[in-house]
Amino acid sequence: MSSILRPAVSGQDPFTASEYRPVSSHLAIAPPVSIVIPAMNEAENLPYVFKTLPGWIHEVVLVDGNSTDNTVEVARELWPDVRVVEQRGKGKGDALITGFAACTGDIIVMVDADGSADGNEIVSYVSALVSGADFAKGSRFANGGGTDDMTPIRKLGNWALCTIVNRKFGARYTDLCYGYNAFWRHCLDKIDLDCTGFEVETLMNIRVVKAGLKVQEIPSHEYLRIHGTSNLRAVRDGLRVLKVILRERSNRRSLRRQHAVALNSARGEVS
């Protein structure tokens, strides 16, 4: 897998290059980039989502959560080559896992379908990955980031949960519960996602740290949802996030004990 950065050739049509995809006037990449968009009844928001997606991406994978509006039809009209995958289960985590499995690109970018994410930021995520990061994590609270959507209570909850993760897992996050992230596809083999709800983002953030992957935060601005209402419930989903944190902490302790027992056993055999 190549992650070489090369300058775009001046005057060359960006889409005639067979090996490199120019992403700006001075930067080109070799790895194909897949965008995963989980969506359920987001037909009104998709025009705002798709209009900011860069033309150099390899594919868009839309995971349809059994929409009852014309989400799929709108997506195909806006992006004729979109790959539509039907979600069999329920929940954002399930949708993302389904989308990840359908991706063919080396880099995967997670984008929400409510219009809150700016697709122009994707170049920053991809640049971080091809420069050496394994996981590019969006942050609304890193220098240069921001949010128009979080209430003071949600900000406090996010800060508290982020602080717990940093202390318990040795992370250095400034944001925890944010769904705008990008990573190399091979990272999926190391984090083994197994949850179905909004807590999937927290689970990913914890497991990339536990796996020893290199993480780089990307300042990101979260805009207000344009149409409709979010399925996020602060208290309910906050408790689910906390449950994930406690479970992962317990698993980490269990692994440490297993390693200690194995090491002591090996030492005993040597002696």
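**Sheet architecture and salt bridges in the predicted model**

In this predicted model, an open sheet is built from 7 strands arranged in the order β5-β4-β3-β6-β9-β7-β10, with mixed pairing. From one strand to the next, the twist averages 20°. Helix α7 (residues 200-210) lies across β6 (107-110), β7, β9 (181-184) and β10, and runs at about 135° to β7.

The structure holds 14 salt bridges. One of them is formed by E42 and R225, whose closest N and O atoms are 2.9 Å apart; because E42 lies in the loop between β3 (33-39) and α1 (46-50) and R225 in the loop between β11 (221-222) and α8 (234-270), the pair ties together parts that are 183 residues apart in sequence. E42 is buried, with a relative accessible area of 9%.

A further salt bridge joins the side chains of K210 and E248 (2.9 Å, N to O), and since K210 belongs to helix α7 and E248 to helix α8, this pair ties together parts that are 38 residues apart in sequence. K210 counts as partly exposed at 31% relative accessibility, whereas E248 counts as buried at 1%. E248 also forms a salt bridge with R247, with the closest N and O atoms 3.4 Å apart. Through shared partners, salt bridges join D194, R207, K210, R247 and E248 into one network.

Definitions and conventions: Residues numbered from 1 in each chain as written. Predicted model: local features only at pLDDT ≥ 70, side-chain atom pairs only at ≥ 80, totals over all residues. Heavy atoms only, no water. Pairing = 2+ DSSP bridges. Helix = DSSP H or I, 4+ residues; strand = E, 2+ residues; numbered from the N terminus. Axes fitted to C-alpha atoms, helices over the stretch in contact; angles between N-to-C directions. Contact = heavy atoms within 4.5 Å. Salt bridge = Lys/Arg side-chain N within 4 Å of Asp/Glu carboxyl O. Buried < 20%, exposed > 50% of the residue type's maximum accessible area, 1.4 Å probe, protein only.
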